[in-house]
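Please look through the structure shown here slowly, with the sequence beside it, and follow the paragraphs below one at a time.

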Amino acid sequence: MKKALLIFSTAAAALAGSITVNATVIDEPAVNDEAVMEGMPRALSQYGFFLDAADQQPNYHVTSYELNTPLYSDGADKLRFVYLPEGTSLSGEDEGLLDFPVGSAIIKTFAFGDGDDRKLIETRVLLHRADGWIALPYRWNEDQTDAKLALAGARIPMTRPDGEEISYRIPNKNQCKTCHSKDGEVIPIGPKARNLDHGWLTMMANDGQLQSVPTGADALPVWTRADDFETDALARAYLDVNCAHCHQPGGGASNSGLDLRWEQDDPSQIGIRKPPVAAGRGAGGHAVSIAPGDPDASILVYRMSSTEAGIAMPELGRSTNDPDGIAVVRKWIEEMPAS
Amino acid sequence: MIRMTVAALALCSAAPILAETHTISPGEGAQERLQEALILAEPGDEVVLEAGRYTLTDGLSLDVDGVTLRGAGMNASILDFTNQAGSGEGLLVTSDNVTLRDFAVENAKGDGIKSKGADQIVYHALRVEWTNGPDASNGAYGIYPVEASNILVQDSYVRGASDAGIYVGQSENIIVRRNRVVENVAGIEIENSNRAEVTENLTTKNTGGILVFDLPGLPKVGGGDVLVARNAVIDNNTDNFAPEGNIVASVPAGTGVMIMANKGVHVRDNALINNSTSHVMMVAYTQAFDDDRYEPRPVDVVLSGNVYGSGGSAPDFAGGDMMAAAMGGALPPVLTDGLHRNLNKMDAVPVVSLGLTKVGQPFAEAQPQLLPPSPMVTKVTFTPVELPAEMEARIQ
């Protein structure tokens, strides 16, 4: 790995003429490990995750990645990055969450709009410290030069590229934990081997940033190529990614008895003919989470199709509906044999 | 505000600090100021709500152990969620040893105050209210501790919950004491929980006063060892306004105390007055289930020392009116579907049975009958619930 970066102040001229003049050695603009490891930095720039923040150009040791099936967040584009301190690497053996070394970070920026019109809204960071993970939200300024710590979150009125007016919610620090939580501990959600591209994992392994490509990697359907996959796989992947962080044993909604993880194969646990427990008006007059063959009688679809607090699921992270997700889950339930 | 700043600075330096008081006032930016205080509080700190109305747009949450959130009184410091746009509850607590006291939560879009996995929690002198009264569009639960041990809910007031005013679920070692629950579907509900005392509460104008339930298919099943004592359960005749699909939507209006699928429930020394279906109802869970751990019938119920007033004159289930007419205009104070096991009835009141013989049998097959006195098979005892002394000390 490079320790320093050579900057040629008058590069073209220098190369054309003498090869020895005008070369300056400066320190590499490294990620600030101290900021990753302690405190609550007030500005995103203090971490040094980006060489060019507005452009979201990652620093050295910061690698971008994508998920096969992503979490829906009001249709925002998400730019995902993982930071690994020099000399450390990811590991993992099966389809589950990769193991991140202490000192690493996961960075996710939410943006709307394309090209020059792209507007960065917030960046959420997950920092792996000696005493566990911590999640912090940062809100981008108008000038798009930096993002500021938003411990209490924020609500931002916004017009989506398709013209829809929404009230976009930046979660507060505790709400980060509501989703990123298992058995009371903060954990990452997204970077499970089963939801990561095989090519990316291989690249990371070749690069020494991943010990080996886990078995069970890359099993979830690629949402952008939905036509290539079975409805069942698409729907189960969607529920795994959008719901199972709470709806699993040890998760925020464990008391519901609903387990929407990809690996759960008990029909009742994933909601088939399962009566609600504490759904309140979220039940919408329906008797079961999933009524086979009848999406309109299924609480799951009802709650996915609402934006009203107290009814909408997930409870956090969206203020508009995901038509593609709803369509896939509806089709999946429709195709279930009714008897 | 100065204290807040000091606390924030102290936190940034990661140095241990003494317990602090963070005082929050209503007005501009209350959402962010209060939420930030709840995030930056350290164990032992108090977050104090000055008197006034706090207009909130999103749910609040607390995830720091040992914090007290205290207002100036249940009618003085009001967290107003009428304009709430996100979250499934008004206030969510996920840390241990928390005390919530002397404030109000109004018109939360989902549940009022929920605590999940929060052990040793004290809810004291709170008001959780949906101010328009009974309405299916109100939130489900007022005070909602779930998946925890050592829970104390006392001297609080809940009105308008479209499910249960005070709902304790999947927990153990619980005291629900001296509360007033008015115009909820269920006044107080203890569900899938063990070792609970529900005492000295006033439950009135709900659909059902006090419910002790167990449901299948949940992480924790096998509820029981519950004492319901010295409560006033009066005039719980409000039409059921629960949204359909919820289990409580099946509770008949006019229910005093209802026991469904539980083991070891003691109903003792209560005043049961003017509940028009039944003062005490025992039923089995009727839906299909697939859970080997689950006992769908009420087992080992003890009735003793209760005062039974008028009631049973307008039973809210199919055929109930004919049954009442046949029995002289009102049902006897105790009603069972016939599926209970080992009833320890010390009270000298008649019991009417629907005469069902199989779990899940439709009510249409009922064969109403007065139950002859039957000897108890096993004497059932109850050991008082003891909470850690420091919990009671927190509200002295």
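Which residues form one aromatic cluster with Tyr47(A)? The model is a predicted one, and in it Tyr47(A) forms the cluster together with Phe49(A), Tyr83(A) and Tyr138(A). A search of the whole structure finds 14 aromatic pairs over all chains. In one of them, the ring centres of Tyr47(A) and Tyr138(A) lie 5.7 Å apart while the ring planes stand at 85 degrees, and because planes over 60 degrees apart count as edge-to-face, this pair is edge-to-face. The pair joins distant parts of the chain, since Tyr47(A) sits in the loop between α2 (33-37) and β3 (50-52) of chain A, whereas Tyr138(A), 91 residues apart from it, belongs to strand β9 (residues 132-140) of chain A. Both Tyr47(A) and Tyr138(A) are buried.

A helix of chain A comes next. Helix α7 of chain A, made of the 12 residues 323-334, reaches 16 Å from its first C-alpha to its last, which is close to the 16 Å expected at 1.5 Å a residue. Within α7(A), the residues Gly325(A), Ile326(A), Val328(A), Val329(A), Trp332(A) and Ile333(A) are buried. These residues cover an arc of only 165 degrees around the axis, and therefore they lie on the same side of α7(A). The buried residues of α7(A) pack against α5 (231-242) and α6 (299-304) of chain A, while the face turned away from that buried side carries the exposed residues Pro323(A) and Asp324(A).

Methods. Residues are numbered from 1 along each chain as its sequence is written. Chains are lettered from A and ligands numbered from 1 in the order in which they are written. This is a predicted model: local features need pLDDT of at least 70, side-chain atom pairs count only at pLDDT 80 or more; totals for chains, interfaces and linings use all residues. Side-chain values use heavy atoms; hydrogens and water are left out. Helices (H or I, at least four residues) and strands (E, at least two) are DSSP runs, numbered from the N terminus. The expected span of a helix is 1.5 Å times one less than its number of residues. Buried means under 20% relative accessible area, exposed over 50%, partly exposed in between (1.4 Å probe, protein chains only). The arc is that of the directions from the helix axis to the C-beta atoms. Contact means heavy atoms within 4.5 Å. Rings of Phe, Tyr and Trp (its six-membered ring) pair if their centres lie within 6.5 Å; planes under 30 degrees apart count as stacked, over 60 as edge-to-face and the rest as tilted.
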